Amino acid sequence: GGGGRRRSWRVVGVWVPVAEGGKKIVQGQSCEACHGENGIGTEAGPKLIGLTAQQSPEQVAQLLRHPNAAMIKGEMQPVTATDGEMKALVAYLQSLK
């Protein structure tokens, strides 16, 4: 009994585990309050979709840790995260479409 065939129906919406961790950080830090659900942007904060297309992961991490003057004016707080958490956060931002 019990055949050896396994079927996987989960093809669409596959999550990289690292990006999933980054999404939890975004939700836990209330980033969506200003940047909108899934980074779509609001009047309070710009969209995060496409942010990583313009900058390297290292540049994005640096910007999150040390917001520029415009970000600070918009009340963006520096992101304090371990290197692993920051990697997850950047991976999540890269996954936004």
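## The enclosed cavity

By class, five nonpolar, four polar and one charged residues line the largest cavity. Here Ala, Val, Leu, Ile, Met, Phe, Trp, Tyr, Cys and Pro count as nonpolar, Asp, Glu, Lys and Arg as charged, and the others, Gly among them, as polar. The lining consists of V26, C31, E32, H35, G36, N38, G39, L48, Y92 and L96. This cavity has a volume of about 40 Å³. The structure holds one cavity of 30 Å³ or more.

On a 1 Å grid over the protein atoms alone, a cavity is a set of points where a 1.4 Å probe fits but cannot get out; a pocket is an open set with protein on both sides within 12 Å along at least five of seven lines; lining residues have an atom within 4 Å of a point. Grid points are joined across faces, edges and corners, and a volume is the space filled by probe spheres set on the points.

## Model and confidence

This is a predicted model, in which local features need pLDDT of at least 70 and side-chain atom pairs count only at pLDDT 80 or more, while totals for chains, interfaces and linings use all residues. Residues are numbered from 1 along each chain as its sequence is written, and side-chain values use heavy atoms, with hydrogens and water left out.

The mean pLDDT (the predictor's confidence in each residue, from 0 to 100) of the chain is 86. A value of 70 or more is reached by 84% of the residues. Among the elements, α4 has the highest mean pLDDT, at 96. Helix α3 (residues 51-54) has the lowest, at 89. Residues 6-12 stay under 50 in pLDDT. For that stretch the model has one contact beyond four places in sequence. Where pLDDT is low, the predicted coordinates should not be read in detail.

## Fold

The chain has six helices and zero strands. Its pattern along the sequence is α-α-α-α-α-α. Helices (H or I, at least four residues) and strands (E, at least two) are DSSP runs, numbered from the N terminus.

Of the 97 residues in the chain, 27% are buried. Buried means under 20% relative accessible area, exposed over 50%, and partly exposed in between (1.4 Å probe, protein chains only). Contact means heavy atoms within 4.5 Å. Among contacts between residues at least 6 apart in sequence, 49% join residues at least 24 apart.

## The largest pocket

The largest pocket has a volume of about 690 Å³. Its lining has 28 residues. H35, L48, M71, M76 and Q77 lie nearest the pocket centre. By class, the lining has 18 nonpolar, eight polar and two charged residues.

Four helices each supply at least two lining residues: α2 (32-35), α4 (57-65), α5 (69-73) and α6 (83-95). H35 and L48 line the largest cavity too.

## The buried side of α4

V60, A61 and L64 are buried in α4. They sit on the same side of α4 because they cover an arc of only 100° around the axis. The arc is that of the directions from the helix axis to the C-beta atoms. An α-helix has 3.6 residues a turn, so residues three or four places apart point the same way. The cover over the buried residues of α4 includes α3 and α6.

T52 is found in α3. T52 counts as buried because its relative accessible area is 17%. Leaving out residues up to four places away in sequence, T52 touches V60, V90, L93 and Q94.

## Loop residues

N38 lies in the loop between α2 and α3. Its phi is near 60°, a positive value in a residue other than glycine. Most residues other than glycine have a negative phi. N38 is partly exposed, at 33% relative accessibility. Beyond four places in sequence, N38 touches K23, E32, I49, Y92 and L96. L96 is 58 residues from N38 along the chain, yet their C-alpha atoms are separated by 6.8 Å.

E75 sits in the loop between α5 and α6. E75 also has a positive phi, about 75°, although it is not a glycine. E75 is exposed, with 66% relative accessible area. T80 lies in the loop between α5 and α6. T80 counts as exposed at 74% relative accessibility. The C-alpha atoms of T80 and H66 are separated by 9.5 Å. Along the chain, T80 and H66 are 14 residues apart.
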